[in-house]
Amino acid sequence: MDAFVRRLNSSSVQKSPRPNSKQGRVSNEPPAKRAKKEEVGDSDEESDDDLQHGSLALKPLPSLQRIETATSGVDDESPQHSEVEVDPPRRTAIESSLPEVKVGKEALEEYESFKASQGDDDTRNAESRLDSRKWVRGKTSLYVDAFNLALGTVLDEESHLFDEKEMYIFDQWNKLSYEAQFLYVRLFLRKTATWHRISRLRYHDDIQDTEAAVKELQRNRDIPSGFSIPKPASDSTMPILGSLAQDRCEFRDCFTFADTSEQFITSVEEAVRLLNLDEVKALAKEAKVQGKNKAEIASSICRMSSRQAGLFSVGLRRSSTVDSVDSPDRGTPETDSPGLSLGEDSNRRKHFLEKILAIAGPCIRLSLPVFRLFERVHLVFYRSTEWTEKSLTTIILAKISKRNFPKYIVSRSANIFASRAQLLEFETAMRTEYAVDNVLEFNGPVTETGFRKVIETFEEIYPRWKALLKEEQEKEERVYESGEGAYLRRLNPAHSYTRIVHKAAYVFGRLKEHQREHRLLTELLGQRLFHLARRGAWYQRKALLEEHYMHSLEPDPAYKDTEVQKKHWKRIAATTCETALEDRDCHLIYHYDIQKRLVKLEKQLKIPKRLQHDFGHVRLQKPEEHFAEGIQIKKDDIVGKKGRAASTKTTWVDEAEGGGECSVEAMCLSWYRSQGWKGYHAEGGIIRTLFAYLFFDILFLYIPNVFQTAYQTCPLDLHTDAFYPTRASEINHRLVEIANGGAARLIEEVDRRERENRTCVVGLNWDYELEDLLELADCFDSTALAAVCKVMAQEYGQRGGGIPDLILWRTDPNREVMFAEVKSANDRLSDTQRLWIHVLTGAGVKVALCNAVAKEVREI
């Protein structure tokens, strides 16, 4: 069964062209340089720095993580458009595991053309249409088919997770007309809790009567009496959460699929958001208010509607409404200047509200309880809390595409959530996690009150977290087989609770409660089930606390002297560093900093030289500085896209390739080629290709639940911290094989078997010539190549970016590989780039910073 939900913005879904994917590539040159962007860490992989104000949002909404699809409909018009260009965020698990597909109108046309060509004799349901590849124009669509496929699959396999009322709502959904279902699904993929003007819903190709479809969704439906009420989770299994937790939506005696504006829009503030700029300006002119932009004008209109009355409506009034209310003799009205009654104020607001609604016309908004119910369906279906419109349709588009996929065993367990109570607790845990993020990351500088709220939430979930850790450890020892637990644990409430505990440790540090912070870090390191990728950061922080703070917070009674206490805790800190370096789950990227701390501590403790650790074999070398000279082109009066400022990218003359224009990276690559190097401007593309070759069989090893469709290019857990520990034995054996010089043989075997079919595999670009790959692998120091592959295996989702721009190799005078990061005048290294430079230099690979220098500037 095809199967695969956090919801991202459709505007954010459209990715820039992937330079290293094979689709649509015909030339043998690797694709052009992509615009650089800072790493967006997965919630499992972020460092403590991600807690600082200004870090990127991890949980966009307080329910399931949905990334807005404001432009999900190619033919609909949204009343609000952002003027800011936003970099696409990281892809969801399902999108990362499936091949690149067309999106938007082009995808719809391809799907409909394909279905129409297959005949129309079978339109029974979404699954049958997909299996038989039948489609009928006007009776179904790609979006409705994908939505109903998810619902049908969940009800067939896991209906025990839903109560009788919810099953009744699903039955009512199936009875909706196609047009009503189509409209609901398209709005479902757009902004949540947002009103949409019916006059601007432009789905005319699929909906003949929009008003009828709207009325069908807004019709009030009674829920039959007699349904049993589900038992709430007992207090022993569910933490009692305070104000930070989100309320759960429940159904009573009736429901609607969508709300009506006449019933639910009751404030001018909410209504005025429906208007576009021209309409707001017209209303402001009538109300005699002004503003510099739409937001200011709308705010002025809201203030005007709340004001007690203007001179033009009820005559002279007191100048201050507050004075009128707070006056000690306000019980005695003035005859010359009567105060405005509550009824008159209400009438004024009602007048503005009615006027705005008359301009906007009828509006529709999806009903929140039903909306959340369908979100829960998608959570169960996708086995993920992240999803987009593209997630919903990619499975179908991948199925009809003419591509070859790797051979692997598809496995979808029906017991991800053992009970409805577990599913509801997981939802609650996610919303609580979001609430903590909202305090720490989304609302500006955090005050002490905010920190205390986080601590209160931590205290509420802490006992349940400890209980779940114990339960999960028993499952790991007695129940789980073949490493299946690592990925399933991401859908356990303790996954969210562990992240809350991690955040609480940070908060204790900010509040200078270092003793509690140290205790929490010790507990986090004491479990090996959740957020393993953070262990390196936990070790670093724990060692720092032991080195600087713990001697005064927890003095050992055996030592009276302060200096002796300090030495005692420094010895403990050194032991923590040693434990970290021996911990198989402490990722390689943390080793360098931990090694530095350990060497420093041993010197302070005056440990004999012969007993000190020597990490000279991994001592980092500073990158070499190279200066590539070329001819720069400067163009006057360049304007960026949509009137924005021009790009800071520089243009150069490619003297080696006929004198045409090129990027700074291409110019530097030509300069290196003139020095006898071979190479590509790949930005990690060739490293991802080598990784796919070398770990092909391990990528598609059977692990339960990570292959849920037959159209994946990688396992679902590749971009998570579950990939490496689940396959640790196989990965470590392969790393030894690579270190012993077996890379070339592995590459040849995979290429011989898969190149003819150009099999879709994550990161693998078949446009790289086999001869170049073999020569590069041969020039690589085997141990260094194994170290690079280990970083990719441990943190594939986070370390795919930041690899230096150019990869170069040569066979004369010696076989060697060099990475070069190209920097023009205004560039500086990002944290991710510095991390990769540490990894490469620590593995003994030469790294260069190539500075582009203009020997001549041509102005055109």
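Me: Which way does α31 cross α34, left-handed or right-handed?
Reply: α31 passes α34 in a right-handed crossing, meaning that the near helix is turned clockwise from the far one by less than a right angle. This is a predicted model, where local features need pLDDT of at least 70, side-chain atom pairs count only at pLDDT 80 or more, and totals for chains, interfaces and linings use all residues. Residues are numbered from 1 along each chain as its sequence is written, and side-chain values use heavy atoms, leaving out hydrogens and water.

Me: At what angle do α31 and α34 pack?
Reply: The angle is about 155° for helix α31 (residues 728–739) and helix α34 (residues 782–794), with the axes 7 Å apart. The two are therefore roughly antiparallel, a label for angles over 145 degrees.

Me: Which residues of α31 make the contact?
Reply: Ile-731, Leu-735, Ile-738 and Ala-739 do, with contact meaning heavy atoms within 4.5 Å. On α34, the partners include Leu-785, Ala-786 and Cys-789.

Me: New topic: where is Arg-584?
Reply: Arg-584 sits in the loop between α25 (562–582) and α26 (591–604).

Me: Buried or exposed?
Reply: Arg-584 counts as exposed because its relative accessibility is 57%; buried is under 20% relative accessible area, exposed over 50%, and partly exposed in between, with a 1.4 Å probe and protein chains only.

Me: What is Arg-584 in contact with?
Reply: Leaving aside neighbours within four places in sequence, Arg-584 is in contact with Arg-528, Tyr-724 and Gln-794.

Me: And how many residues of α16 are buried?
Reply: 13 of its 15 residues are, so α16 is mostly covered. Next comes Arg-383, with a positive phi near 55°.

Key:
Axes are lines fitted to C-alpha atoms, for helices over the stretch in contact, and angles run from 0 to 180 degrees between N-to-C directions. Helices (H or I, at least four residues) and strands (E, at least two) are DSSP runs, numbered from the N terminus. Angles under 35 degrees count as roughly parallel, over 145 as roughly antiparallel, 65 to 115 as roughly perpendicular and the rest as oblique.
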